[in-house]
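Hi,

Here is the structure I promised to pass on. Have a look first, and my notes follow below.

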Amino acid sequence: MPETVLVTGGAGFIGSHTCVELLAHGYEVIVVDNHVNSSPHALERIAKTAGRPLTAAYRVDVRDRAALAQVFASHQVDAVIHFAAHKAVGESVALPVEYYDTNVGGTCALLSVMREHGVHRLVFSSSCSVYGDAQTMPLTELSPVAPTNPYAHTKLMCERILEDVCDHLVEMKVLALRYFNPVGAHPGGLLGEDPRGVPDNVMPYVAQVAVGRREVLSVFGDDYPTPDGTGVRDYIHVMDVAEGHRVAVEHLDDRTGMRVFNLGTGTGTSVLQLVAAFGEASGRPVPYRIVDRRPGDVAELVADPSAVAAAWDWTTTRDLDAMCRDAWRFQERNPHGYAR
Ligand code: NAD
Ligand code: WQD
C-alpha cells in the first residue's frame with residue numbers, strides 16, 4: 001500500500017513543489033490549504049506537472065479543529081508535512097497576533113487532531129531565521145538561536161512545542177527542517193513562486209524586473225562586511241527543498257522523538273552575484289540601484305548542511321544557475337503568476 005501524506009499549505013510555493021515530488025515517488029497526497037496566500041490553480045498545476053492527481057484537496061484553515069478532524073476521519077493518514085503558516089518577516093512585526101495565531105495556534109490544532117487520530121509522524125517547516133543575527137558562519141544545528149522578529153519567534157516556539165510533545169508522547173516522530181533561502185521553480189515551467197503584491201524576497205523581485213513588471217531592483221545596502229558589500233545568503237533550489245521533504249518522510253521512522261536539521265547548500269551568494277547569475281540565465285540584464293540597508297537584515301546566513309548529509313546520505317544537487325534558469329522559465333511563461 002502506498003503511504004498517504006497530508007500536506008498543509010500544499011498549494012503554496014514550497015508545498016506545491018513538495019506535492020509534485022511526493023506524487024512522482026508514488027505517495028498518495030492530501031492537501032489542506034485555506035488559500036490565504038496561494039491560488040487554487042496551483043492544485044491543477046501540481047497534478048499536471050506530476051502526471052497524477054492529488055488524492056484530495058480541502059479548503060480548510062488548519063486552526064479549524066473540527067474541519068481538520070473531518071479530513072483525518074476521511075483518510076488513513078500515515079504522515080503529515082506542515083507548511084501552512086504566514087511567512088513575511090516585515091508583516092509579522094505589524095501583525096504579531098495574527099502570526100502567533102496561525103503559526104503557533106495552527107500547529108497546536110494540527111497536533112491535537114493528529115493525536116486524536118493516532119498519527120505520530122510529522123515533518124515541520126522551520127526557518128534559518130531562528131538563528132537571528134549570528135556571528136559565526138556556517139550555521140550548524142547547534143549554533144545559538146536568537147530570533148529577531150515575531151515570525152522567527154513563532155518558528156522557534158513551534159520547535160519548542162514539538163520537543164515537549166515528543167518528550168511526553170514517546171511514539172511521536174518529528175523532523176523540523178530549517179530552510180535557508182528557497183528559490184527557483186519546477187523545471188516544467190508550470191509551478192513556481194507567485195507572491196501577492198510587491199515581492200519581499202529578492203529572487204521573485206529580480207524575476208519580475210527581468211520580465212518587465214518592475215523597473216529596477218533596489219539592492220539593500222552595499223556596505224556589509226561581505227566580499228562585494230551586499231548581503232550573502234544560502235539560496236537553495238525549491239526542488240531540492242521538495243526532495244529533502246520526501247527523503248525526510250522516508251527517514252521519519254529512523255527513531256522516535258524530535259530532530260532538527262538545516263536545509264541549505266553550504267554556499268553563500270551575494271545579491272550582486274545573484275543579479276549577475278539571473279541576467280546570464282535569462283539573457284536579460286537586471287537593472288539595479290543601491291539603496292539603504294533594509295532594517296533587520298543581516299550580513300550573512302549560510303548553512304552547514306553536513307548533519308543532514310550524514311543522517312540521510314543526501315545532499316542538494318541544483319546550483320545557482322539552475323535556480324535562476326528555472327525561476328526565469330516560470331516567470332517568462334507566467335508573467336502574472338497563476339491568476340491570469
Ligand atoms: P507560502 O505562503 O507560499 O505557503 C504557505 C501556504 O500555507 C499557502 O498556500 C497558504 O495559503 C497556506 N496557509 C497559510 N495559513 C493557513 C491556514 N491557517 N490554514 C491553511 N493553510 C494556510 O509559503 P512557502 O514559502 O511555501 O512557505 C512554506 C513554509 O515554509 C512556511 O511554514 C514558511 O514559514 C516556511 N519557510 C519558508 C521559507 C521561504 O523563504 N519561502 C524559508 C523558511 C521557512
Ligand atoms: C535576501 C537578500 C536582502 C529584496 C527571508 C526571511 C527568512 C526566510 C527566507 C522564511 C538580503 C536582499 C532583498 C530586495 C535586496 N523565510 N534584497 N533587494 O531576508 O534572507 O530571508 O526569506 O523563513 O526568514 O527573513 O530573504 O530574499 O528577502 O533577501 O537587496 O528587493 O536580498 O537585503 O541580503 P532573507 P530575502
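Phe278 and Trp328 are both buried. This is a predicted model, by the way. The rings of those two residues make an edge-to-face pair, since their centres are 6.0 Å apart and their planes stand at 85 degrees. Phe278 belongs to helix H9 (residues 271–282) and Trp328 to helix H11 (residues 320–333), so the pair ties together parts that lie 50 residues apart in sequence.

Phe330 and Tyr338 are edge-to-face too, with ring centres 5.6 Å apart and planes at 65 degrees. Phe330 is buried at 3% relative accessibility, and Tyr338 is buried as well, at 6%. In total the structure has four aromatic pairs.

Two arginines also turned up over tyrosine rings. Arg293 puts its charged end over the ring of Tyr224, 4.0 Å from the centre, while Arg214 lies over the face of Tyr205 at 5.8 Å from the ring centre.

Then there's the sheet. Seven strands make up an open, parallel sheet, ordered S3-S2-S1-S4-S5-S6-S11. Strands S3 (56–59) and S11 (257–263) are at the edges with a single partner strand each, so one side of each has no neighbour in the sheet. From one strand to the next, the twist averages 15 degrees.

Within that sheet, S1 (residues 4–8) pairs with S4 (residues 79–82) in the parallel sense over four bridges, and Thr8 has His82 in S4 as its bridge partner. Helix H3 (residues 65–74) lies across S1, S2 (28–33), S3 and S4, and runs at about 170 degrees to S2.

Cheers

Key. Residues numbered from 1 in each chain as written. Chains lettered and ligands numbered in written order. Predicted model: local features only at pLDDT ≥ 70, side-chain atom pairs only at ≥ 80, totals over all residues. Heavy atoms only, no water. Phe/Tyr/Trp six-rings, centres within 6.5 Å; stacked < 30°, edge-to-face > 60°. Helix = DSSP H or I, 4+ residues; strand = E, 2+ residues; numbered from the N terminus. Buried < 20%, exposed > 50% of the residue type's maximum accessible area, 1.4 Å probe, protein only. Lys NZ or Arg CZ within 6 Å of the ring centre and 35° of its normal. Pairing = 2+ DSSP bridges. Axes fitted to C-alpha atoms, helices over the stretch in contact; angles between N-to-C directions. Contact = heavy atoms within 4.5 Å.
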